[in-house]
Amino acid sequence: MTFSLTIETAEQIATATLDAAKASARATLHAWMTAARRAAITDLPGQDLIYQAKEAEARAYVADPSPDLADYPLLSAEIGITAPDPAALAALWISLSADWRATAATLEALRMATGAAIDTATSEAEIAAAIATLPGAGT
């Protein structure tokens, strides 16, 4: 019978502990980002594609010197519901798209910076400090 005994050094244990803390912090970052994005945009399957199509249609409508509503089915379907006329609706969709991009840029910068801080952390205190940059994550 052969026995094998593995002895871990204090350094190996510290590395494993730090790696586990980083993995937990990445999971926290992912969950926080998911919630932040859901708060900023409708969370329905395929809705992101609808929003992209609406923006493209709105931009095409605005650029068209003599638009025919038959060429703009999404605008036609929503006139009178969200806005009274196609020009107002197109302007609204373009504005909402710009608002989303600004929010997305802020969230993405925070996600990237926090992820980098987690990756380069050399202690659990540095990991905790990285997570603390996420509004409300520490509460």
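R59 counts as partly exposed because its relative accessibility is 42% (buried means under 20% relative accessible area, exposed over 50% and partly exposed in between, with a 1.4 Å probe and protein chains only). The residue is placed in helix 2, residues 47-63; helices (H or I, at least four residues) are DSSP runs numbered from the N terminus. The structure is a predicted model, in which local features need pLDDT of at least 70 and side-chain atom pairs count only at pLDDT 80 or more, whereas totals for chains, interfaces and linings use all residues. Residues are numbered from 1 along each chain as its sequence is written, and side-chain values use heavy atoms, with hydrogens and water left out.

V62 also lies in helix 2. With a relative accessible area of 53%, V62 is exposed. Apart from its neighbours within four places in sequence, V62 is in contact with A90 and I94, where contact means heavy atoms within 4.5 Å. The C-alpha atoms of V62 and K22 are 48 Å from each other, and the two residues are 40 residues apart along the chain.

Two packed helices are described by the angle between their axes and the distance between the axes. The axes are lines fitted to C-alpha atoms, for helices over the stretch in contact, and angles run from 0 to 180 degrees between N-to-C directions. The axes of helix 1 and helix 4 cross at roughly 175° and come within 10 Å. Helix 1 is therefore roughly antiparallel to helix 4 (angles under 35 degrees count as roughly parallel, over 145 as roughly antiparallel, 65 to 115 as roughly perpendicular and the rest as oblique).

From helix 4, T114, A117, I118 and T120 meet E126, A130 and I131 of helix 5. The contact of helix 4 with helix 5 is made up of 4 nonpolar, 2 polar and 1 charged residues.

For helix 1 and helix 5, the packing angle is about 5° and the axes are 10 Å apart. Helix 1 is thus roughly parallel to helix 5. T17, L18, A21, K22, A25, T28 and L29 of helix 1 make this contact with E124, I127 and I131 of helix 5. The class composition of the contact of helix 1 with helix 5 is 6 nonpolar, 2 polar and 2 charged residues.

Within helix 5, the buried residues are I127, A130 and I131. These residues lie on the same side of helix 5 because they cover an arc of only 95° around the axis, the arc being that of the directions from the helix axis to the C-beta atoms. The buried residues of helix 5 pack against helix 1 (10-40) and helix 4.

T114, which lies in helix 4, counts as buried because its relative accessibility is 2%. Leaving aside neighbours within four places in sequence, T114 is in contact with L29, A130, T133 and L134. The side chain of T114 makes a polar contact with the side chain of T133 at 3.2 Å (a polar contact is a pair of N or O atoms within 3.5 Å; within protein, one must be able to donate a hydrogen and the other to accept it, and residues adjacent in sequence count only if both atoms are side-chain atoms). T114 and A35 are 79 residues apart in sequence, and their C-alpha atoms are 16 Å apart in space. T103 is likewise located in helix 4 and, at 33% relative accessibility, counts as partly exposed. From C-alpha to C-alpha, T103 and G46 are 20 Å apart in space and 57 residues apart in sequence.

How values were computed: Helices (H or I, at least four residues) and strands (E, at least two) are DSSP runs, numbered from the N terminus. Ala, Val, Leu, Ile, Met, Phe, Trp, Tyr, Cys and Pro count as nonpolar, Asp, Glu, Lys and Arg as charged, and the others, Gly among them, as polar.
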